[in-house]
Structures are given as structure tokens and as C-alpha cells.
Amino acid sequence: MARTTILPTDPNKRKAWASTVAQDSAKEQYYSRLTGEEGSYSAIVKKTDTEKGATDEIVTALVAKLRGKPVIEGEKLEGREFKLQHASHTMRINEFRHGVNIGARIEQSRVGFNLRKQGREKLTDYIKELYEETICCALAGARGVGDEVHHLATDYAGYPNALRAPDAAHLFVGTAGDKAKATLVAGDKLSLATVNKLRTKAKKMLGGQPDKAVKMSPITMGGKKGFVLAVCPEGMQDIRDDSGAQGWFEAQKALVNNIGKDAELFKGGAGWFNGVMVDELETCVKFTDYGAGSNVPAARAHFLGANAGCVAHGTKGMADGMTVSLDEDTADRKHDAILFFEMIFGADKTAYNGMDYGQITVDHAFTAAV
């Protein structure tokens with residue numbers, strides 16, 4: 001009986017591998033559960049324009065709320081109708097590539113594990129982390145310092161979209177938001193009061209042209225609504241210490257009771273305060289030059305509403321039409337085996353008339369880890 005054989009070079013095998021790696025890396029990404037299709041009230045909007053045609057530029061139309069007094073009895077409406085106020089946000093995608101040399105056949109024979117399988121697993125981890133760090137730095141508008149971001153060098157300025165610092169209307173510094181970079185002190189840490197003040201600040205953004213911050217909308221997924229405060233582990237520790245063991249237990253109970261432990265958006269959330277899910281983000285941006293002496297360490301958290309950022313992949317022309325293309329090759333006259341990937345990707349935070357659209361950037365001091 002003839003035997004069906006799938007060779008390493010079979011395109012179906014490559015496609016299955018690419019699909020598995022793309023899915024596995026997405027499952028582990030923090031931002032994947034906050035991402036939804038265009039038109040949704042997700043924190044991160046996935047644009048699909050570049051998956052249909054040969055383009056590396058994506059334009060998102062953002063619309064402000066309607067503002068103005070109504071037309072009343074005795075007044076003419078004609079010529080006084082509202083005009084929709086639009087702003088266009090443009091972002092780009094470009095190529096990211098890397099690979100791993102898993103050695104020659106003799107190396108494989110010397111170990112009791114599968115080097116090719118290990119290579120694929122490590123590439124999956126690398127893609128996940130690269131994706132996450134790119135989004136995190138885009139939202140933060142900075143690379144910062146520290147090992148929390150370890151694939152992007154400290155001089156990283158954004159690729160293919162330049163990093164944009166937060167505008168004054170969307171920047172919250174210190175425990176109460178009343179500090180500046182030069183006046184931050186070591187005691188200006190995150191607390192429950194910070195969470196409440198951020199929610200109030202978001203609610204007071206009433207929107208409109210030409211110089212007002214557009215109203216932030218809560219994230220909505222699976223019928224559940226709320227804002228998300230994504231903080232570094234040290235920031236999470238400070239909030240927990242501020243609320244105390246009993247207070248933190250109440251926050252966790254509120255998350256389950258009010259939102260539901262199985263709600264798609266809030267899976268993995270740490271606590272729920274006044275309509276805000278406080279969540280821990282391991283990939284975070286830090287600084288060392290805050291305070292009057294430029295020596296106070298600070299971290300940057302993200303208070304996220306709907307459509308705070310956008311991501312896009314390019315698939316046209318990619319092998320197998322996948323968002324991540326993976327393949328195998330050889331070097332040194334087929335002596336060494338090489339696993340490599342290619343991803344055409346871009347991430348950016350959205351802006352309306354030069355102002356951040358769905359995010360308040362939170363800079364705070366923190367208790368250093370021991």
C-alpha cells in the first residue's frame with residue numbers, strides 16, 4: 001500500500017506551522033484580548049485594509065461628537081445643520097524579520113530533544129514579545145529605559161511609525177495628576193485615588209473642535225463596558241498596598257460580580273474599581289530622569305478607552321497569505337538548518353487633531369522591586 005508522506009518542504013506544512021505560530025503568539029499577547037475589528041469599541045483596532053491590497057499606508061477616520069445649541073421655534077434650520085468633524089489618522093506598516101540557526105544534523109544527534117521544535121517555540125516567543133513591545137512603545141510614545149523592553153534598543157524611535165509623546169491634555173503625572181516631570185517625587189505612586197481621578201478626567205473630556213480633547217469612550221466587548229488601567233508590576237504592587245488585603249479582595253470580588261470572570265475583555269484582570277479594570281502589564285516603559293534632580297525613577301501606565309491604538313498586518317504577497325510567514329532554509333551547502341520568519345506589521349496610537357484619542361498617559365513613581 002502506498003504511504004502518504006509530508007516532506008519538510010511541503011507548502012501545507014509551512015502554512016500549518018505559520019498558522020500555529022501566529023495563533024500561539026497571539027494567545028500570549030497582553031493586547032490580543034483588547035483588540036477588535038474596526039468600528040468596535042476595542043482598545044486596539046485591527047485595520048484590515050492592507051490585507052486586501054498592495055499598500056503600506058492605512059488611514060483611519062476619527063469623528064468628534066456633535067456640539068452646539070439646538071434650533072428652537074421661530075429659527076430656521078437650513079444652513080445651520082451640524083457638520084461632522086473628522087480627523088484622519090495615518091499609520092504605516094513595514095517588514096520585520098529574524099531567524100534562528102539550529103545547527104547541523106550532528107548537533108541534533110548529540111542532544112535528547114528536538115532542536116527544530118525548540119527553535120519554533122523560541123521564534124513564537126520572540127514574535128509575541130516583539131509585537132507586544134512595539135504596541136507598548138507606540139502607546140507610550142517612548143522607549144524609555146530598562147529590561148522590560150528588551151528587543152528594541154534604548155535609541156528606538158519607532159518603526160515604521162515614529163513615536164509620539166503624549167499631549168498635555170492627555171498626560172497625568174503623579175498620584176493626583178497635579179505634578180510635572182520636574183516636580184515628581186518618590187512618593188507620587190499609584191493609589192486608588194489615582195484610579196478614581198483618571199476616570200473623572202476621562203469623563204470630563206467633552207470633545208469637539210478645535211482644541212478640546214475628544215470624549216473618551218469606555219471599551220466594550222462581549223456586552224461589558226469599562227476603562228482599563230494597564231500598569232507595571234511595581235505599580236500594581238503600590239495599588240494593592242494602598243487598598244490593603246481586604247480592599248484588594250473586594251476589588252477582585254467586584255471584578256467577578258460586576259463584569260463576570262468569563263467576560264472576554266476582562267480575562268486576567270486584577271481588580272475592579274469604579275468602572276476601571278486595573279491590570280498588570282509586564283512589558284512597560286520606565287524612566288530614570290524625573291524629579292527636580294532628574295534622578296527619580298518613574299514608570300508609564302496606560303489608561304485606555306476605546307480606539308486608543310491601531311495595528312495592521314500586510315499579507316498580500318506574503319507566503320501562504322499569512323500574517324506571519326515562516327519557513328526553513330539551509331546554509332553552508334545544506335549543513336546548517338535555519339528557521340526564519342517575516343512579518344509585515346505596524347502599530348500606532350490614534351490621534352485627533354494632534355491630540356491622543358482614546359488614552360490618558362500616566363507617569364508615576366513606584367516602589368522598587370526587591
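**Reading a predicted chain against its definitions**

The secondary structure of the chain comes to five helices and 18 strands, where helices (H or I, at least four residues) and strands (E, at least two) are DSSP runs numbered from the N terminus. This is a predicted model, in which local features need pLDDT of at least 70 and side-chain atom pairs count only at pLDDT 80 or more, while totals for chains, interfaces and linings use all residues. Residues are numbered from 1 along each chain as its sequence is written, and side-chain values use heavy atoms, with hydrogens and water left out.

Trainee: How do you know that Cys232 is in no disulfide?

Mentor: A disulfide is a pair of cysteine sulfur atoms within 2.5 Å. By this rule the count comes to zero disulfides; for Cys232 the nearest cysteine sulfur, that of Cys284, is 4.5 Å away, so Cys232 is in no disulfide. For Cys284, likewise in no disulfide, the nearest cysteine sulfur is that of Cys232.

Trainee: Why does Cys232 count as buried?

Mentor: Buried means under 20% relative accessible area, exposed over 50%, and partly exposed in between, with a 1.4 Å probe and protein chains only. Cys232 has 2% relative accessibility and therefore counts as buried, and Cys284, at 2%, counts as buried too. Of the 370 residues of the chain, 45% count as buried.
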